[in-house]
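The following report describes the architecture and packing of a single protein chain. The sequence and structure are shown first.

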Amino acid sequence: KVDALLMLDNLQARKLAEKLGLHYTGTLGMIARARREGVIESVKPIIEKIRNTNFRFSEEVFTTIMRIAGEE
C-alpha cells in the first residue's frame, strides 16, 4: 500500500479530495512539515516571501503554521 499526500491549495480541489477520502495538505502545510522533518531551518522567512505574492492566507493560518512548525 502506498500512502500518498496531495498538495492542494484550491478549496474545490480540497473538498473533492476530502469527499474521495484522500490525504492532502497545502503549500503552507508542506513548508511546516519540511521544518518538522529538518529539511529547512525556519518557515518564517519562506512564509514572509509568500506573503509578498498573490498567495493569500489569514493571520490565523500564519499563527497556526508557526505553531505547527514550532516557531511560535
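## Helix α4 and its end

Helix α4 is followed by G70, a residue with a positive phi, near 80°. The model discussed here is a predicted one. Within α4, the residues F62, I65 and M66 are buried. Because these residues cover an arc of only 100° around the axis, they lie on the same side of α4. The buried residues of α4 pack against α2 and α3.

One of these residues, F62, also takes part in an interaction with a charged side chain. The charged end of R51 sits over the ring of F62, at 4.1 Å from the ring centre.

## Overall architecture

The secondary structure of the protein consists of 4 helices and 2 strands. Along the sequence, these elements follow the pattern β-α-β-α-α-α. The C-alpha trace spans about 35 × 30 × 20 Å along its principal axes.

Of the 72 residues, 25% count as buried. The accessible surface comes to about 5600 Å², and 53% of this surface belongs to carbon and sulfur atoms. When contacts between residues at least 6 apart in sequence are considered, 29% of them join residues at least 24 apart.

## Helix α2

Helix α2 comprises residues 27–36, and its buried residues are T27, L28, I31, A32 and A34. These residues cover an arc of only 155° around the axis, which means that they lie on the same side of α2. The cover over the buried residues of α2 includes the strands β1 (6–7) and β2 (24–25), together with α3 (44–51) and α4 (59–68). After the helix comes G38, which has a positive phi, near 80°.

Where does I31 lie, and which residues does I31 touch? I31 is part of helix α2. With a relative accessibility of 12%, it counts as buried because the cut-off for burial is under 20%. Leaving out residues up to four places away in sequence, I31 touches I40, V43, I46 and I50. The C-alpha atoms of I31 and S42, which are 11 residues apart along the chain, are separated by 9.1 Å.

## The nonpolar core

The largest nonpolar core has 11 residues: L28, I31, A32, V43, I47, I50, F57, F62, I65, M66 and A69. The elements that contribute two or more residues to this core are α2, α3 and α4.

I50, one of the core residues, is in contact with T27, L28, I31, F55 and F57 when neighbours within four places in sequence are set aside. T27, L28 and I31 are among the buried residues of α2. As for aromatic rings, the structure holds 1 aromatic pair.

## Strand β2 and T25

T25 is found in strand β2. Is this residue buried or exposed? T25 counts as buried, because its relative accessibility is 16%. Apart from neighbours within four places in sequence, T25 is in contact with L5, L6, M7, L8, R14 and M30. The strand β2 itself is among the elements that cover the buried residues of α2.

Definitions and conventions: Residues numbered from 1 in each chain as written. Predicted model: local features only at pLDDT ≥ 70, side-chain atom pairs only at ≥ 80, totals over all residues. Heavy atoms only, no water. Buried < 20%, exposed > 50% of the residue type's maximum accessible area, 1.4 Å probe, protein only. Arc of directions from axis to C-beta. Contact = heavy atoms within 4.5 Å. Core = buried A, V, L, I, M, F, W, Y, C linked by side-chain atoms within 4.5 Å. Phe/Tyr/Trp six-rings, centres within 6.5 Å; stacked < 30°, edge-to-face > 60°. Lys NZ or Arg CZ within 6 Å of the ring centre and 35° of its normal. Areas by Shrake-Rupley, 256 points an atom, 1.4 Å probe, with all protein chains shown as cover.
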